[in-house]
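Thanks for coming, everyone. I have one structure to walk through today. Please have a look at it before I start.

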Amino acid sequence: MKKLVAFFQSAAFRTAFLAIAFVAAIWAVAENWSQVYESLRSFPVWLSLVGLLLSLLYVYLTILSWRVVLNDVGQHVERRVARRVFFSSQVAKYLPGGMWNFVAAAEIGTDYAISRRRSVSALVVSIVISIMTGMLWAGFSVLLGPSAELASYRWVGVAIPIVLVLLMPPILNRIVNWSLRILRRDPLEDQMSWKGTAAASIYAAASWTVVGFQLWLMLVYTGLPQTLSTFLLATGGYALGWTAGFLVFFVPAGAGVREVALGAVLSTAVQPGVVVVVVLLARLFTTIADIGLGLTASVAMRREHKTSSQDSDDKQSDHDKGESSLN
């Protein structure tokens, strides 16, 4: 088992997997080129801009959920600090390995007096909550979405009552501590409260709503009916794809896995060429949002550190001058 895990975590395997995913994406575009071309032609420029803005809002809502968790398991953290730590650390998830965002969050957090234990714990809790709220959306999409097309996914509807129970703090805290034990980390310093869990879940559910709306807009412009059931299909499908991509932890940011899972759900109601276009654009918008916000936060941190260092040097210089004058 250890050898198998080591193989999945090896640089050679990850590189090969990404290469295969890239080739598969090119093949999918070429195979369905006529539909891809027609779908792209139907997209106005404003739709791409709206898609990017919705991705930015999606990522921002995820930080709000994470910050609620961070504050619930420790002392209060300012919004500015939370943005610096979260946005800059999320860029690391695109590195081979799938877990570098945990490392980045832990290390960056120490610059703001946030312990590594707390950073990792908060990230684990927020991811668990994201997965559970995503499964809620997936369950509703199956129960209320296009019934004929989603018949084979009816089992997902069972997740609704189960997830609602798992989100109860007494159970959620046990799940998180179990996950931390697997990661060989210490348990939560402070347990999640009912209020904190509810607030983090609301933000997480809102993030799925936003990104689902983004996907739904693109699908509508390619011919999908403007109905609640198709909106639920888009939102639930994205949530399932994201969860699948996260669970395959050895792939950077779930590349390839997320798209296949999302495409499988959308293919129940949309033509293959349309699926290829919207899935790839959804990934592109989210990647731009992650990297853009991450670079912005990193630049802001560098400026803060430079200013802090300069102020420290100025104070030391004034102190030295004061002592010199006394002498």
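I'll go from the overall fold to the core, then to the rings, a loop and the surface.

First, a caution. This is a predicted model. Keep that in mind throughout.

Now the fold. What does the secondary structure of the protein chain come to? It comes to 13 helices and zero strands. The chain has 327 residues, and buried residues make up 47% of them. Next, the contacts between residues at least 6 apart in sequence. Of these, 73% join residues at least 24 apart. The protein chain exposes about 16700 Å². Carbon and sulfur atoms supply 66% of that area.

On to the core. The largest nonpolar core holds 85 residues. Which of them touch the most other members? They are Trp 66, Leu 215, Met 218, Leu 219, Tyr 238, Leu 266 and Val 278. The largest share of this core comes from helix 7, residues 116-144, with 14 residues.

Take Met 218 from that list. Set aside its neighbours within four places in sequence. Met 218 is then in contact with Phe 43, Leu 47, Val 278, Leu 281, Ala 282 and Phe 285. Val 278 is itself on the list of residues that touch the most other core members.

Now a polar residue, Ser 207. Ser 207 lies in helix 10. Is Ser 207 buried or exposed? Its relative accessible area is 2%, under the 20% cut-off, so Ser 207 counts as buried. Beyond the neighbours within four places in sequence, Ser 207 is in contact with Tyr 58, Leu 61 and Thr 62.

Next, the aromatic rings. A ring pair is described by the distance of the centres and the angle of the planes. The count here comes to ten aromatic pairs. One of them is Trp 46 with Tyr 221, at 5.5 Å centre to centre and 80 degrees between the planes. That pair is edge-to-face. It links distant parts of the chain, 175 residues apart. Trp 46 sits in helix 4, residues 45-72, and Tyr 221 in the loop between helix 10 and helix 11. How exposed are the two partners? Trp 46 is partly exposed, with a relative accessible area of 42%. Tyr 221 is partly exposed too, at 34%.

Now Phe 86 and Phe 87. Their ring centres are 6.1 Å apart and their planes are at 70 degrees, so this pair is edge-to-face. Phe 86 and Phe 87 are both buried. Ring pairs also link Phe 86 and Phe 87 with Tyr 60 and Trp 66 into a cluster. We met Trp 66 in the core list.

Back to the loop between helix 10 and helix 11. Leu 224 lies there. Leu 224 is buried, because its relative accessible area of 9% is under 20%. Leaving out residues up to four places away in sequence, Leu 224 touches Leu 219, Thr 230, Ala 269 and Val 270. Look at Val 270. It is 46 residues from Leu 224 in sequence, yet the C-alpha to C-alpha distance is 7.3 Å.

Last, the surface. Val 165, Met 168, Ile 171 and Trp 194 form a nonpolar patch there. Together they have about 370 Å² of accessible area. Trp 194 belongs to helix 10, residues 194-220. Its relative accessible area is 56%, over the 50% cut-off, so Trp 194 counts as exposed. Ser 207, in helix 10 as well, is buried at 2%.

That's the tour. Questions, please.

Conventions:
Residues numbered from 1 in each chain as written. Predicted model: local features only at pLDDT ≥ 70, side-chain atom pairs only at ≥ 80, totals over all residues. Heavy atoms only, no water. Patch = residues over 30% accessible without salt bridge, like charges linked within 9 Å, V, L, I, M, F, W, Y side chains within 5 Å. Areas by Shrake-Rupley, 256 points an atom, 1.4 Å probe, with all protein chains shown as cover. Salt bridge = Lys/Arg side-chain N within 4 Å of Asp/Glu carboxyl O. Helix = DSSP H or I, 4+ residues; strand = E, 2+ residues; numbered from the N terminus. Buried < 20%, exposed > 50% of the residue type's maximum accessible area, 1.4 Å probe, protein only. Core = buried A, V, L, I, M, F, W, Y, C linked by side-chain atoms within 4.5 Å. Contact = heavy atoms within 4.5 Å. Phe/Tyr/Trp six-rings, centres within 6.5 Å; stacked < 30°, edge-to-face > 60°.
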